[in-house]
Amino acid sequence: MKLIIAVVQDQDSHHLLNSLTEHNFRVTKLATTGGFLRSGNTTFMIGTEDIRVEKALELIKQNCESREQMVAPVSPMGGNADSYVPYPIEVEVGGATVFVVPVEKFHQF
Ligand code: 2BA
């Protein structure tokens, strides 16, 4: 068994959730925040059999698109000076950032 952890953009999360459930994947959707942009994104946890991992990845690719996003300068006051950018920059936010990890044990009590 594998656990797929996929960080996607909020705009894509509705379609992706529909598509995964239509294909009988069991999914948990979490509201998350990107460490760099400090804005909301969505993380899916998908526990599935090894042979279905490729299908899940295919659905994630189909439903998630990368987009350009402008990052406004943010004052380091009260924040983390390490991430301070003094001018607006454009970043390409990926369609999805995906981790596939082995599941040692799976219980449902
Ligand atoms: P954020 O951390 O908000 O990052 C959004 C986008 O900003 C990233 O898109 C990347 O294009 C850019 N970015 C991130 N850190 C940067 C830096 N130090 N310098 C310049 N640009 C930077 P993606 O790479 O597609 O990542 C989208 C979201 O996926 C991230 O949102 C984060 O929530 C998650 N993510 C990406 N890589 C991760 C990792 N290795 N571990 C955990 N979460 C990750």
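Buried means under 20% relative accessible area. I wrote that down before opening the model, which is a predicted one.

**Entry 1: Asn-41**

I went to strand S3 and found Asn-41 there. Buried or exposed? Asn-41 has 17% relative accessibility, so I put it down as buried. Next I looked at what its side chain does: it makes a polar contact with the side chain of Thr-32, at 2.6 Å. Then I listed what Asn-41 touches, skipping neighbours within four places in sequence. Val-7, Val-8 and Asp-10 are on that list, and so is the run Leu-30, Ala-31, Thr-32, Thr-33 and Gly-34.

**Entry 2: the largest pocket**

The largest pocket holds about 330 Å³ of space. Which elements supply at least two lining residues each? I got S1, H1, S3 and strand S5 (89-93). S5 gives the largest share, three residues. Sorted by class, I have ten polar, six nonpolar and two charged residues in the lining.

**Entry 3: the largest nonpolar core**

I moved on to the core, which has 14 residues. Leu-16, Leu-20, Ile-46 and Ile-60 have the most contacts inside it. Strand S1 (2-8), helix H1 (10-22), strand S3 (40-48) and helix H2 (53-63) each give two or more residues to this core, and H2 has the largest share with five.

Definitions and conventions. Residues are numbered from 1 along each chain as its sequence is written. This is a predicted model: local features need pLDDT of at least 70, side-chain atom pairs count only at pLDDT 80 or more; totals for chains, interfaces and linings use all residues. Side-chain values use heavy atoms; hydrogens and water are left out. A nonpolar core is a set of buried Ala, Val, Leu, Ile, Met, Phe, Trp, Tyr and Cys residues joined through side-chain atoms within 4.5 Å. Buried means under 20% relative accessible area, exposed over 50%, partly exposed in between (1.4 Å probe, protein chains only). Helices (H or I, at least four residues) and strands (E, at least two) are DSSP runs, numbered from the N terminus. A polar contact is a pair of N or O atoms within 3.5 Å; within protein, one must be able to donate a hydrogen and the other to accept it, and residues adjacent in sequence count only if both atoms are side-chain atoms. Contact means heavy atoms within 4.5 Å. On a 1 Å grid over the protein atoms alone, a cavity is a set of points where a 1.4 Å probe fits but cannot get out, and a pocket is an open set with protein on both sides within 12 Å along at least five of seven lines; lining residues have an atom within 4 Å of a point. Grid points are joined across faces, edges and corners, and a volume is the space filled by probe spheres set on the points. Ala, Val, Leu, Ile, Met, Phe, Trp, Tyr, Cys and Pro count as nonpolar, Asp, Glu, Lys and Arg as charged, and the others, Gly among them, as polar.
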